[in-house]
Amino acid sequence: MNILKLVLVIFNLFILSACAGLISQPSDNVPVEEAGEGKTTSLIRDDEALEQNDGILDLDSMNANLPVQQQNTIQQQPVILALLDDSRQQQQQGQLSKAAATIERAIRLEPNNAILWSRLAQIRLVEKNWQQAYVLANKSNSLERSNKALLSQNWKTIEQAKLNQGDQAAVDHARLQIKKLLTE
Amino acid sequence: MADKTSKRKKPTSASQKKKSSRPFITRQLIKLILIFLVVSSAYVMWLDYRIYNEFEGRKWSVPARVYSRPAEVYTGQQYAISKLIRRLELSGYQRVNEITLPGEYYVNQNQVLVYLRSFDYWDGKFSANLYDINFQNGVISRIIDKKLETNIAILRIDPVLIGKIYPDHNEDRVLVSLVDVPDLLIKALTSAEDRGFYHHHGIDFKGILRAFWVNIRRGEFAQGGSTITQQLVKNYFLNAQRTLTRKFNEMIMALLLERRYSKDEILTAYLNEVYLGQDGARAIHGFGTASKFYFNKPIGELSQEHLALLVAMVRGASLYNPRRSPERTIARRNLVLDVMEDQGHLSSASNMILKSRRLGVTSKPVTPGKQYAAFLDLAKQQLLNEYDIDALKNDGLIIYTTLQPLFQSDIDITVEKRLQNLDTQQNYPPGSLEAAIVIINPVNGNVLGLYGGRNYLYSGFNHAIQAKRPIGSLIKPFVYLAALSRPDEFGLLSTLLDEKVNLLQDTGETWTPENYDRQEHGKVSVIEALINSYNLATVNLGMTIGVKNVVSIINRSGVTNDVNAYPSILLGALELTPLEVTQLYQILANGGYKVPVNAIQEVFNRDGIPLTRNQLNMEQAWDEKTVFLINYLLNKVVQKGTAKRLSSELGKNLELAGKTGTSDGSRDSWFAAYGEDYLAVSWIGKDDNSTTSLTGASGAMLLWSDIAKLVSLKPIRLFEPPGISWIENVHLRFNGICTDFGRVPYLDTDRTDPDLLCQLGSNESESLFNNIKRWFQQ
C-alpha cells in the first residue's frame, strides 16, 4: 500500500510540476534582475553629445586647435603631458566625458594650470554645455596673464559659448579681446 | 493507523451487500488515489510556486561598496617609499619575496615592484600588470611598465574599500557570475560535491551509491550524496533539521528546480548562496564574499590551493574554519585536492606541490575600518540626493568617493592628540573638548578628509556635518566682501570707525557689541580692521552698507537660506556647520568660483556599468576682483594679524590665507584657511555649549596647523584678475605703528584716506608722543 502511494505521488509530481510550469513560466520580457539599475538621470552619454553636435563646432575644428595646444604644452610636467595626451585621444575617439574626466584628474594634480582649464572649457563646448564652457574659459583666463595663444583660445571658447547663448554683447567683447591679443 | 484498519473493514461488509457492482475495495482505492492525487498535486504545486517565487524574484541584497579615491603615483612626485608601502597595504596588497600574482608587491631599497590588480575605473578597465617604481631622494624618479618594458608617466593604485551600506539584515555579498569564476573552482566543486551535476535531474542515485562506497573505502566522510541542486534547495528554502520529511521535500524541490532552470543558473545561484563562514553577526555567503573574507582578494586572483580550500569549507564552514582550525582544514583541503587529481583535474605532480602549500588566509578578515565612518556619513548624505536608501542598501552599487584614505587615518590620530593636549593645558577632564574638521581641495570641492568628533562612533553625532554653531568672526570676510563690492565707496585704505555703537535689536533690546580687547581703536583702515578682527569697525561698516547686503552675499553662496538680517549676524551670530563654512570659504579660495563641496566621484552599478559622475561644474558666485581683495586681506591676517602664529608654526615663507573666529564666551573656536590646493575648516568647542578659554588662534588654528603639517601644503597663489590696480609703497598706521605694506590693490578708483598713511622712520617715538599728548588732553 505504502509503495503504491509513493509511486502515485512521484508519478503525480512530474505531471503536476509540468502543469505548474505552464501556469507561471517566466516570460522573456519580465525583468529577472532589477537590481543595480539605480538612477541614470545625470548619466553623461558621450554618444548623445556627439549626435547633437550639428557642426557649429565639431571635433575636426577642435583638432584644428592642436598647434595652439602643442605650443602651450611644451613646458609641462611629463605627467600633465601624458594626461593631456590621453584626454586628446579619448576626445578623438568621441569619448567626451572620459576626456573631461582625464583633464579633471590632471587638475587635481595641478589645480592652477591654466591650460587644463582651457582644455576642459573646450570639451564642454563640444558637449554644448555653453555655460560651463564660458565659466571654465574665464577661470583659465584668471590663471594666465602672458600666454597669448592660450588667452586667445579661451576668448574663442567664450565667443562660441556666448554666441550659442545669444549674448551678443559678450560675443562682441570676446572678439575685441581676441583682436587686442592679435595686435599687441 | 486505527483509522485505516476500520476503513479496511468497511469494504468487506459492503462487498457482501452489492456483489453485482465493482468490488467496493477497488472503488475505495480509486477514491483514495484521487484524494492522494489532489492532495499531492496541490502540495507539489505549492512547492513549485515557492521555488518560482523565491528563485525568480530572488534579488540578492548586495550592500553598496564605498571606495576611497585611487592614489595617483607619477614621475617627479614627492612620495616617500614608506608612504607607498602604507598605501599598498591599505589596498590589501601583500609584501612577498617573489611576485607571482596580482595583489603582491616587493620592496628593494629604492624600488617597489608591484603587481597591480585589474580595476574598473570610470575611464576604462585597467588590466592587472606588473610595475617597477623607482625612488630617488623621496621623489618618484621612474615608473616602468614591466610588460611593455617602457617608462610611463602616471599610475593609479586601486582605491581602498572604506565601507559598505548594509541591507537591514546585515547580509554581505560579493556576487560572482560564472565568467568571473576560475574553471578550476567549478571542477573542484563538482569533483568534491556533485560529480554527476551536469547529467542528473536534481537527484543523483548513482552519486549516492558512489559517495557511500567512497566513504567506506576512505574510512571518512569524503563525499556527500546530496547534489548541488539539493544543497541549494536546502540553503534556500529549508531549515537545517535532518528529518525524513525535509529530505523528501528537498528531493522533490531539487527535481522541480532542475525542471525550471538551466544548470548554469543553478550553479550561479549556488556559488553566491552557499554558506562559507561567519563574521560576528555577518554571515558569509557565496564564494565571492568568502574570497574577500579569507584572502582579501577577488576570486579571480586566487591560486589553485585557495580554490580547493573554499570548496573544502562547503562541507562545514565552522568545522573547517581555516583561521580557527588550520590543521583540520588543511587536511580537508588536501582531500579535495586528491579528489581533483582522481578526477583528472590536477596532475599528481602539481597536486604534490599544492598540498605542501600553506592555507594562505589573512590572519584576520580585512573589513573596512571604523575610521572612515564620519566621512561615510557625508558620502551617504550626498548619495541620498540621487539614490534611494533601498538602492544603496541592496543593489550592490559601487561608489567611488573623494577620500584620501592615508590622510584620513593621519587626521584622526593628529586631532585626537591635539585635543588631549588642549584638555590638559586647560585643566579640563579628559574628553571635554570636541572638534570637527573638513578638508577639501578648493578647486574641485573634493572632500579629502573629515573629522566628526571624538565620541563620534559612540554617539553617532557628526560634528562636521551636524553641529550648527555660531561662526563668530568667520563671517567678517563676507561683510568686507559686501563693502568692497562697492569700489566707489570703499577700498582697502578707506577709514572705518572702531567706536562703540548701540543697536536696537528686533527684540527691542539694545545691543552694545565690544571688541575682544574691550578697547576702541578709533579711526582704522579697512586693512587693519579685518586683519585685527575688530568688532566695532566691522559692525559700523556693516550698518553703513546695510545688513541686507551682507545677507545677500551669503545667500549668493547658496550655503544657507534662513539668514535673518539682524545686526548681530555682522559678528557671526549665524549658526553653520563646519561643512557649510567650508563651502563659504571654498568660493573665496577658488577666486569667487563656487564648486559644490562633494564627497562622491562616481557611481557604478553592480555589473561595473557607470551610472553617474560628479563632473567639475563651476558657478561664479562672487566677483573675482572683489574676492581678490579679500584674499589679499586674508593673506595679511596670516602675515600680520590674528593668525600670525600660524607662520611660526608652519614656516615663515608659506603664504596662506585664513581667518580666526571666536564666538561669545569662547564657546566656539574656529579657523578657516587655505593654500593652493588645500582648504580646511576646523572647530573646537564643548558639546554642552559651555564656555572655554580658547580663541580661534589658541584652539582651532593649532588643530589646523597640525593637519597642514601632514600634507605638502602649497602656498596660496593670488591670481590677479584684470581690473586690479596697485598703490605702491604704502606706509600705513597699523597697531599704532607706521608699517610698510608694500603694494596694496584697489579697484576702479583709489579711495585711500591720506590720514591713514604715515612716514616711516620716527614712527615709534611719534606715536609715543601722540599717546602722551592724548593722555594729557584727557
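Q: In what order do the six strands of the open sheet in chain B lie?
A: This is a predicted model, in which local features need pLDDT of at least 70, side-chain atom pairs count only at pLDDT 80 or more, and totals for chains, interfaces and linings use all residues. Residues are numbered from 1 along each chain as its sequence is written, while chains are lettered from A and ligands numbered from 1 in the order in which they are written. Helices (H or I, at least four residues) and strands (E, at least two) are DSSP runs numbered from the N terminus, and two strands pair if DSSP finds at least two bridges between them. The pairing in this open sheet of chain B is mixed, and the order is E3-E4-E5-E8-E9-E10.

Q: Why is one side of strand E3 and of strand E10 of chain B left without a neighbour in the sheet?
A: Strands of a sheet pair through backbone hydrogen bonds, either parallel or antiparallel. Strand E3 (94-95) and strand E10 (150-152) of chain B stand at the edges, so one side of each has no neighbour in the sheet, each having a single partner strand.

Q: Which residue is the bridge partner of B:Val112 in E8(B)?
A: Strand E5 (residues 111-116) and strand E8 (residues 129-136) of chain B run antiparallel and are joined by six bridges. Within E8(B), the bridge partner of B:Val112 is B:Ile133.

Q: What angle does the direction of helix H3 of chain B make with that of E5(B)?
A: Helix H3 (residues 81-90) of chain B packs on the sheet, where it touches strand E4 (104-108), E5 and E8 of chain B; a contact requires C-beta atoms, placed from the backbone, within 7 Å. Axes are lines fitted to C-alpha atoms, for helices over the stretch in contact, and angles run from 0 to 180 degrees between N-to-C directions. On that basis, the direction of H3 in chain B makes with that of E5(B) an angle of about 20°.

Q: Which residue in the turn between E8(B) and E9(B) has a positive phi?
A: E8(B) is joined by six bridges to strand E9 (residues 139-145) of chain B, and the two run antiparallel; in E9(B), B:Val139 is the bridge partner of B:Gln136. The two strands form a hairpin with two residues between them, and the turn residue with a positive phi, of about 50°, is B:Asn137.

Q: Which residue of E10(B) does B:Ile143 stand opposite?
A: E9(B) and E10(B) run antiparallel, joined by three bridges, and they form a hairpin with four residues between them, where B:Glu149 in the turn has a positive phi of about 55°. In E10(B), the residue opposite B:Ile143 is B:Ile152.

Q: What distance separates the centres of domain 1 and domain 2 of chain B?
A: The assignment, with bounds from an automatic or database source, gives chain B domain 1 (71-158), domain 2 (168-356) and domain 3 (418-708). Taken over C-alpha atoms, the centres of domain 1 and domain 2 of chain B are separated by 36 Å.

Methods. Contact = placed C-beta atoms within 7 Å.
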